[in-house]
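Me: I would like to learn how to read a model like this one, feature by feature. Please give me the general idea each time, then the case at hand.

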Amino acid sequence: MANKENCMYPKVIIDMAKLKQNLDAVAETTVDKGGCSLAIVTKVLCADSTVVEMIANHPKVNLIADSRIKNISTYTDIAHEHGKKTMLLRIPMISELSDVVRYVDLCQISEIETIRLLNQEAHQGDKVQKILLMIDMGDLREGFFFKDKELIHEAVSEILGMENIELYGIGVNLTCYGAIIPKPDNLGGLVEIAREIEGKHGIQLQMISGGNSSSIYLIDRGELPEGINNLRLGESFVLGNDTAYETKLPGTTDDAFILEAEIVELKSKPSLPIGDVGVDAFGQKPYYEDRGIMQRAIIAVGKQDVDIDSMTPVDNRVEIMGGSSDHIILDVTKCTEENGGEYKVGDIVQFTLGYGGLLKVMTSPYVEKEYLK
C-alpha cells in the first residue's frame, strides 16, 4: 500500500525502462530472428507522446501504426523526422480519406469503392498513396475472402490502373474477431495469394503483413512462413504477451504500467446487499456470495476509466468485488495488522493491467499519467 503525496489520482505509472525492455525484446524477435519489418501499434496508449518519442527513436522500428487518424495526426511529423512511416490499421471511412492522404503513409484497406475515392483524394493532394490490401484468411473480420480469388484479382487489376494508388502489399488480421490463431497453413495461404498476384499481374509486392501479436510466437518456433515480412505489434510490446496462446515473450515484462487509485471509504458491511436484486447501472444482474461481514474499501476509479475484469491488485490480499462507473469495491478483510498491515482512507491501492484495462486507462482523460525514466 502507498500513501498519497500531493498527487492526483487515479493515475497510471508508466515505467519507461521496462517498456523499452519490451520494445527491445519484440524487435529482436521480429526483426533479427524473423527477418520482418516492425510496425509498433500505439492504439492502446492513445498515442501517448512520451511513448511515441521512444518508439520513433528505436532503430529497429519501421512503422508507427494506429487505428485512429486522430492519433496518427499527432505524430506524423515526429515519425517522419526519425525516418519512420505511419500506418493506418483500421480500414478507413470514406469521410476521413482526406486525412488519410494528409497523415498516413500506408493504409490498410479492403473496399474497392473506398480505394477509388482514395485515388481521387490522393490526386487532389498530389500524392501517391500506398495501400495494403487486406485478405480475410478465415477470421471473418476485414478483407477480401481468401477463396474469392476472382474478386481479388479484379480488384488488383483496377488498383494497378489507378494513377495515385500504389499497391504496396497485402495483409491479414487474425484473432481479433474470430479468435483464429495464425498458423503456417493460413499465413502460408496468404503468401500463396501474394505470389499469385505477383505472377498474374507482373508486379512485386513490397509487404506481406502477417498479422499482430498473435503471430509472433511462430518466429521462435521456426514456423513463420517464408514470405511474411511484416508484423504489427501492440500487446506484445506493452505487456509482453503472445496473444495466440497468452504466454510471455522472452525478455519482456507485464508490469510496465501500474494503476494507482485512492481509497475514499473503508467500512465493515455485509457481503450480501439487502433487498430485491434488480439490475446494476450497466443492465447486468449481479450475483453475490454470502461471506458474512466484510471489510470493504471503495476506490475512486470506475468502469468509465478501466476494465474491472482486466486489472489485478498488486497486493494479493485484496480482491475486487465489482464496481460502478465511478467506484470499485474491494474486499480488504485479509489486510490485517498481523498480515502485512491495514489500509486507511486516503491510502493508495496498486493494480497491474491487462490489455482491456490498459486501453481504458490510457484513453481516459480522468486518469493521470506519470513516467518513470
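**Cores, pockets and backbone**

Reply: Start with one side chain. Leaving aside neighbours within four places in sequence, Phe-237 is in contact (heavy atoms within 4.5 Å) with Leu-19, Asn-22, Leu-23, Val-26, Ile-40, Leu-45, Val-51, Met-54 and Ile-55.

Me: What should I know about the model and its numbering?

Reply: This is a predicted model: local features need pLDDT of at least 70, side-chain atom pairs count only at pLDDT 80 or more, and totals for chains, interfaces and linings use all residues. Residues are numbered from 1 along each chain as its sequence is written, and side-chain values use heavy atoms, with hydrogens and water left out.

Me: Which residues touch the most other members of the largest nonpolar core?

Reply: In soluble globular proteins, nonpolar side chains tend to be buried together. A nonpolar core is a set of buried Ala, Val, Leu, Ile, Met, Phe, Trp, Tyr and Cys residues joined through side-chain atoms within 4.5 Å. Buried means under 20% relative accessible area, exposed over 50%, partly exposed in between (1.4 Å probe, protein chains only). Here the largest core has 98 residues, and Ile-170, Phe-237, Phe-257 and Leu-330 touch the most other members. Helix α7 (residues 184–201) gives the largest share of this core, six residues. Helices (H or I, at least four residues) and strands (E, at least two) are DSSP runs, numbered from the N terminus. Another core, of 10 residues, lies apart from the largest one; Val-41, Met-87, Leu-106 and Leu-132 are among them.

Me: What is the volume of the largest pocket?

Reply: Rolling a probe the size of a water molecule over the atoms shows where empty space is left. On a 1 Å grid over the protein atoms alone, a pocket is an open set of points where a 1.4 Å probe fits, with protein on both sides within 12 Å along at least five of seven lines; lining residues have an atom within 4 Å of a point. Grid points are joined across faces, edges and corners, and a volume is the space filled by probe spheres set on the points. The largest pocket has about 610 Å³. Its lining counts 26 residues, with Tyr-288, Arg-296, Met-321, Gly-322 and Ile-329 nearest the centre. Two or more lining residues come from each of β14 (257–270), β15 (293–299) and β17 (319–323). The largest share, four residues, is from β14.

Me: How do the residues of that lining divide?

Reply: Ala, Val, Leu, Ile, Met, Phe, Trp, Tyr, Cys and Pro count as nonpolar, Asp, Glu, Lys and Arg as charged, and the others, Gly among them, as polar. The largest pocket's lining has 13 nonpolar, five polar and eight charged residues. The second largest pocket holds about 510 Å³. Of its 20 lining residues, Lys-43, Arg-141, Asn-173, Cys-176 and Asn-212 are the closest to its centre. That lining has five nonpolar, eight polar and seven charged residues.

Me: Where is the cis peptide bond?

Reply: Tyr-9 and Pro-10 are joined by it, with omega about -5°. Pro-10 sits in the loop between β1 (2–3) and β2 (11–15).

Me: Is Asp-126 buried or exposed?

Reply: Asp-126 is exposed, at 71% relative accessibility. Its phi is positive, about 55°, although it is not a glycine. Asp-126 lies in the loop between α5 (112–124) and β7 (129–136). Ala-179 also has a positive phi, near 60°. Ala-179 is in the loop between β9 (165–171) and α7, and is exposed at 52% relative accessible area.
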